[in-house]
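Let's take a walk through this structure together.

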Amino acid sequence: YAAKSRQCGSLIYHAQLDAGSQESLSLLTELRHAVEDNELRLFLQPKIDLQKGHVVGAEALVRWQHPTRGLVPPMQFIPFAEQTGFIRMLSAWVLSGAARFAREAADAGLALRLSVNLSTRDLMDQDLPAKIEAMLTPLQVAPASLCLEITESAIMDDPERALSTLEHLHAMGFKLSIDDFGTGYSSLAYLKRLPVDELKIDKSFVMAMERDLDDARIVRSTIELAHNLGLSVVAEGLETVKAWAMLAHLGCDEGQGYYIGKPMPQEQFIAWAKSWQPPDTSAVTTESVIA
Ligand code: C2E
Ligand code: MG
Ligand code: MG
Ligand code: MG
């Protein structure tokens with residue numbers, strides 16, 4: 001943890017080093033206020049169908065508009081929120097925001113699926129499925145309009161319990177996705193048992209695939225693996241038109257990344273989606289990866 005906190009260069013992250021200290025107590029108080037005082041912001045990053053070129057959804061990514069520190073990225077407070085259990089309140093906030101946004105988009109004529117990140121603690125919460133359902137019903141948002149992203153490590157913390165929550169959520173109609181696929185330590189035996197619909201190829205592979213043939217092969221194999229298991233596959237970290245062309249050629253279903261659009265305040269998303277035009281990739285060469 002010490003190494004990671006220095007790496008992040010974050011005062012906030014550092015506070016967890018001595019949990020129970022004055023600093024971490026005050027961070028917890030600040031986080032509570034962040035919810036009450038409306039300092040959390042829901043940012044949305046587009047997900048595009050790489051075969052057809054249209055917008056299919058968005059991933060909800062939280063930010064904290066801190067009164068003195070500015071816009072704080074999630075990696076500077078999510079780990080702390082996870083450690084203290086505050087993550088459940090944060091996840092509820094994000095889930096309800098995403099559901100309300102799905103309703104708003106539908107009313108504007110855009111059928112979007114909203115992806116939300118869940119943490120280990122959320123998966124350990126047996127009441128989570130019922131809580132989410134209670135949130136969606138008054139909004140008349142179907143469970144299939146939400147995709148819940150879970151990392152391999154979150155699942156492997158307590159695989160049996162995670163599996164039971166995931167089966168429950170899946171039976172209710174929520175879409176489930178494995179985030180950062182290829183970086184965790186889950187096994188293919190687990191992958192086979194998990195009721196998931198989607199794999200998200202970690203951005204480290206996607207961002208490197210144009211210059212590193214091994215990364216390109218990993219991306220290609222993951223797309224094949226997903227399809228062979230009947231899963232949809234999303235590439236995150238799509239940063240160039242060439243990456244788009246390569247992924248589309250390899251049959252990747254969806255893409256997400258800075259080339260398409262950075263995470264943006266939710267208020268901007270509908271206008272962005274309406275003006276979105278897919279790139280013309282006919283002149284882009286992709287031979288290197290396919291070989
Ligand atoms: P993630 O779920 O894997 O989300 C994707 C991250 O990759 C986002 O970072 C996004 O901005 C970034 N990204 C997307 N496309 C590109 C690209 O083309 N290039 C590069 N360099 N980066 C790209 P962000 O928003 O900083 O979030 C980081 C992580 O924080 C997320 O990774 C997720 O694990 C966590 N997180 C964010 N919001 C939430 C939340 O509401 N709840 C939970 N539990 N975790 C969250
Ligand atoms: Mg994610
Ligand atoms: Mg990811
Ligand atoms: Mg990540």
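Helices (H or I, at least four residues) and strands (E, at least two) are DSSP runs here, numbered from the N terminus. Keep in mind that this is a predicted model, where local features need pLDDT of at least 70 and side-chain atom pairs count only at pLDDT 80 or more, while totals for chains, interfaces and linings use all residues. Residues are numbered from 1 along each chain as its sequence is written, chains are lettered from A and ligands numbered from 1 in the order in which they are written, and side-chain values use heavy atoms, with hydrogens and water left out.

Let's start at the ligand. A residue is near a molecule if one of its heavy atoms lies within 4 Å of it. There are 23 residues around ligand 1, and the ones that come nearest are Arg 63, Asn 117, Asp 179, Glu 239 and Tyr 258. Sorted by class, that shell holds 11 nonpolar, four polar and eight charged residues. For the sorting, Ala, Val, Leu, Ile, Met, Phe, Trp, Tyr, Cys and Pro count as nonpolar, Asp, Glu, Lys and Arg as charged, and the others, Gly among them, as polar.

Which elements supply at least two residues each of the shell around ligand 1? They are strand E2 (55-66), helix H5 (87-107), strand E6 (175-181) and helix H11 (203-208). E2 gives the most, with four residues.

Now zoom in on the polar side chains. A polar contact is a pair of N or O atoms within 3.5 Å; within protein, one must be able to donate a hydrogen and the other to accept it, and residues adjacent in sequence count only if both atoms are side-chain atoms. Asp 180 has a polar side-chain atom 3.1 Å from an oxygen atom of ligand 1. In the side chain of Lys 203, an N or O atom is 3.1 Å from an oxygen atom of ligand 1. Glu 239 places a polar side-chain atom 2.5 Å from a nitrogen atom of ligand 1. Taken alone, ligand 1 exposes 800 Å², and the protein buries 87% of that. Areas like this come from the Shrake-Rupley method with a 1.4 Å probe; for residues, only the protein chains shown count as cover.

Stay with Asp 180 for a moment. You'll find Asp 180 in strand E6, with a positive phi of about 55° although it is not a glycine. Most residues other than glycine have a negative phi. Asp 180 counts as partly exposed because its relative accessibility is 24%; buried means under 20% relative accessible area, exposed over 50%, and partly exposed in between (1.4 Å probe, protein chains only). Asn 38 also deserves a look: its phi is positive, about 65°, although it is not a glycine. Asn 38 sits in the loop between helix H3 (22-36) and strand E1 (40-49), and counts as exposed because its relative accessibility is 52%.

Next stop, Lys 200 in strand E7 (residues 198-201). Is Lys 200 buried or exposed? Lys 200 counts as buried, because its relative accessibility is 0%. Its side chain makes a polar contact of 2.8 Å with the side chain of Glu 59. Not counting residues up to four places away in sequence, Lys 200 touches several residues, including Glu 149, Asp 179, Asp 180 and Gln 256.

On to the nonpolar interior. A nonpolar core is a set of buried Ala, Val, Leu, Ile, Met, Phe, Trp, Tyr and Cys residues joined through side-chain atoms within 4.5 Å. The largest one has 87 residues, and Leu 247 and Phe 269 have the most contacts inside it. H5 brings the largest share of this core, nine residues. With residues up to four places away in sequence left out, Leu 247 touches, among others, Leu 50, Met 209, Val 219 and Cys 252. Met 209 is in the loop between H11 and helix H12 (213-228), and counts as buried because its relative accessibility is 2%.

Finally, go out to Asp 107, in helix H5. Asp 107 is exposed, because its relative accessible area is 59%. Its C-alpha atom is separated by 42 Å from that of Ala 189, 82 residues apart along the chain.

Terms used
Contact = heavy atoms within 4.5 Å.
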